Amino acid sequence: MATLNLIVDDAQAETSTIRSFSLKAAGGDPLPAFSAGAHVNVHVPGLDAPRSYSLVCLGTDLAAFTAPDRYHLGVHLEDPGTGGSRYMHRVAVGDTLTVDPPKNDFPVRAAQRGEPPPLLIAGGIGITPIASMATAFTLQGRPFHLHYYGRSRNQMAFVDALSKQCGTALHLHFDDEPATQMALDSLLASATPAGHLYICGPKAMIDTLVEMAHARGWPQPNIHVELFTTPVLASGERGFDVELRQSGLTFHIPPDKSILEVLIEAGLDPMYDCTRGECGVCQVDVLEGIPDHRDYYLTDAEKKAGKVMQICVSRSFSDKLVIDL
Ligand code: FES
């Protein structure tokens with residue numbers, strides 16, 4: 001589907017660091033439908049890759065998903081960031097944004113008979129896809145629990161709208177209000193591993209929750225995650241070599257770059273989408289070497305087998321990897 005030129009119809013400061021936007025088609029035509037958990041890629045002038053922002057859907061009108069007249073986004077100003085959120089915090093009402101049609105790498109699963117209610121967990125701006133899931137479940141009459149974590153009440157977006165919409169299904173946890181706090185492990189202990197878990201937030205929160213969920217017996221297929229930022233490589237990473245078996249080229253991957261970044265910089269055209277290790281689009285076969293999996297896409301068994309890897313985030317335990325590209 002072709003890119004969309006959308007007009008910024010409204011822009012509001014939700015908090016001191018989060019801005020919300022309404023985008024509409026120039027002629028006011030209905031926009032492509034989307035499902036809860038979907039995002040759009042916004043093309044930012046001067047940046048090589050578009051930036052992904054989840055579509056926020058709050059309210060009681062199913063048409064907001066099926067025949068939307070506007071898309072709603074919430075954008076946190078990242079500091080330091082890579083330029084996308086700074087750009088979004090400068091756009092004004094009336095500006096035009098070039099946006100790819102919605103795509104969903106974080107969909108909700110259909111309810112199975114007898115399944116416990118899904119558990120939705122959001123940290124900070126991770127509320128954006130989770131809010132749409134809560135709306136979808138509300139419209140379906142499907143019970144759920146939403147736990148929304150943040151530093152303080154005035155730093156969390158969409159709280160009033162969510163409170164109105166979700167009622168007792170919403171549980172707010174503020175770091176600076178001890179009475180509201182709930183440890184992540186206690187939260188998981190209160191739920192049944194037979195249900196589905198949807199998590200969106202910072203990487204540290206996701207990694208902690210995924211590890212705890214595994215320890216508590218949650219099956220991998222029931223754990224669904226989305227990072228709200230592109231992962232930043234930690235200091236102390238090591239470099240390694242990657243040989244592309246089909247083309248016969250070998251590249252050195254320095255500590256501060258991903259395999260994907262190095263291949264793109266070399267003028268190659270590998271397939272990718274999320275760049276966060278979630279969608280699986282950049283997956284390649286591993287022919288030699290030991291991949292260091294950093295993604296949220298593969299199952300534990302697939303990671304252990306080491307036959308495939310996601311080149312946007314995963315690295316190497318061995319000095320050299322040979323991949324089927
Ligand atoms: S691009 Fe999505 S997992 Fe790599």
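Predicted model: local features only at pLDDT ≥ 70, side-chain atom pairs only at ≥ 80, totals over all residues.
1. Residues are numbered from 1 along each chain as its sequence is written.

2. Let's start with β10, residues 197–201, where 5 of 5 residues are buried (20 or more other C-beta atoms within 10 Å of the residue's own, with C-beta atoms placed from the backbone). Strands here are DSSP runs of E with at least two residues, and helices are runs of H or I with at least four, numbered from the N terminus. L197, I199 and G201 point one way, while Y198 and C200 point the other way. In a regular strand, side chains alternate between the two faces of the sheet.

3. On to the neighbours, where pairing requires at least two DSSP bridges between two strands. β7 (residues 119–123) runs parallel to β10 over 4 bridges, with L119 partnered by L197. β11 (residues 223–227) is joined to β10 by 5 bridges, also in parallel; there, G201 has L227 as its partner.

4. The whole sheet is open and parallel, with 5 strands in the order β9-β8-β7-β10-β11. Its edge strands are β9 (170–174) and β11, each pairing on one side only.

5. β7 and β8 (residues 145–150) run parallel and share 5 bridges, and A122 stands opposite Y148 of β8.

How values were computed. Buried ≥ 20, exposed ≤ 12 C-beta atoms within 10 Å, placed from the backbone.
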